[in-house]
Amino acid sequence: LVAAGELPLKVVAMAEDPEASAAEARAALPEGLVHVIAAEMHIEFLSPTVNKGRSLARLCQESLAISLEEVVAFGDNHNDVEMLSCVGEGVAMRNARETTKQAADRVSDWSNDEDGVAREIDALLGRGA
């Protein structure tokens, strides 16, 4: 891709300590060149124009014709921050990273391991929790 003048949208690298490795990569790379995200077992290097928030906005506006204010989104990791910030109700799972919780409108009472998203959807639909 690079030889053809195109850049990849995403590169993934395995890391023993993704948080530390991501911090090191951010410090070494010019600001704005790539978006560096630490995941559980790896680091993601993304084009600065690619994130879940932009993708969801495009889907809602171009394909579904719904306002982002009508959308509820759930997330637990760094790569969910933009998505949680752009919707009507951003919900971080109880086991989410702290930065993700800060970006959300609220934090779920449940974690991913407790079927938190399904339980939140049931509650939103009035089917109990």
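Mentor: A pocket is an open set of grid points with protein on both sides within 12 Å along at least five of seven lines. Rolling a probe the size of a water molecule over the atoms shows where empty space is left. Keep in mind that this is a predicted model.

Trainee: What volume does the largest pocket have here?

Mentor: About 180 Å³. Its lining includes Leu 7, Pro 8, Leu 9, Lys 10 and Val 11, and also Phe 45, Leu 46, Ser 47 and Pro 48. Two elements, β1 and β3, each give two or more residues to that lining.

Trainee: Let me step back to the whole chain. How many helices and strands does the protein chain have?

Mentor: You'll find 5 helices and 6 strands. Along the sequence they come in the pattern β-α-β-β-α-β-α-β-α-β-α. The C-alpha atoms fill a box of roughly 55 × 35 × 20 Å along the principal axes, and 33% of the 129 residues count as buried.

Trainee: Now the sheets. In what order do the strands of the antiparallel one stand?

Mentor: To read a sheet, ask which strands pair and in which sense. Here an open sheet of 3 strands runs in the order β1-β3-β2, paired antiparallel. β1 (10-14) and β2 (35-38) are the edges with a single partner strand each, so one side of each has no neighbour in the sheet. From one strand to the next, the twist averages 20 degrees. For a detail, take β2 and β3 (residues 42-46), which pair over 4 bridges; there, His 35 has Leu 46 in β3 as its bridge partner.

Trainee: Which strands of that sheet does helix α1 touch?

Mentor: β2 and β3: α1 (residues 18-28) packs on the sheet, and its direction makes about 165 degrees with that of β2.

Trainee: And the parallel sheet, which strands form it?

Mentor: That open sheet has 3 strands in the order β4-β5-β6. β4 and β6 (106-107) are at the edges with a single partner strand each, so one side of each is left without a neighbour in the sheet. Between β4 and β5 (residues 89-92) there are 4 bridges, and Val 72 stands opposite Glu 89 in β5. Helix α5 (residues 116-124) lies across β4, β5 and β6, at about 160 degrees to β4.

Trainee: Can we zoom in on a loop residue? Is Asn 77 buried or exposed?

Mentor: The idea is to compare relative accessibility with a cut-off: under 20% means buried. Asn 77 has 11%, so Asn 77 counts as buried. You'll find Asn 77 in the loop between β4 (72-75) and α3 (81-86). Leaving aside residues up to four places away in sequence, Asn 77 touches Ala 38, Ala 39, Glu 40, Arg 97 and Thr 100. With Arg 97 there is a side-chain polar contact of 3.4 Å.

Trainee: One last thing: what should I look for in phi?

Mentor: Most residues other than glycine have a negative phi. Ala 65 has a positive phi, near 55 degrees, and sits in the loop between α2 (52-64) and β4. At 67% relative accessibility, Ala 65 counts as exposed. Asp 115 also has a positive phi, near 60 degrees. Asp 115 is in the loop between β6 and α5 and is exposed, at 53% relative accessible area.

Conventions
Residues are numbered from 1 along each chain as its sequence is written. This is a predicted model: local features need pLDDT of at least 70, side-chain atom pairs count only at pLDDT 80 or more; totals for chains, interfaces and linings use all residues. Side-chain values use heavy atoms; hydrogens and water are left out. Two strands pair if DSSP finds at least two bridges between them. Axes are lines fitted to C-alpha atoms, for helices over the stretch in contact, and angles run from 0 to 180 degrees between N-to-C directions. Contact means heavy atoms within 4.5 Å. Buried means under 20% relative accessible area, exposed over 50%, partly exposed in between (1.4 Å probe, protein chains only). A polar contact is a pair of N or O atoms within 3.5 Å; within protein, one must be able to donate a hydrogen and the other to accept it, and residues adjacent in sequence count only if both atoms are side-chain atoms. On a 1 Å grid over the protein atoms alone, a cavity is a set of points where a 1.4 Å probe fits but cannot get out, and a pocket is an open set with protein on both sides within 12 Å along at least five of seven lines; lining residues have an atom within 4 Å of a point. Grid points are joined across faces, edges and corners, and a volume is the space filled by probe spheres set on the points.
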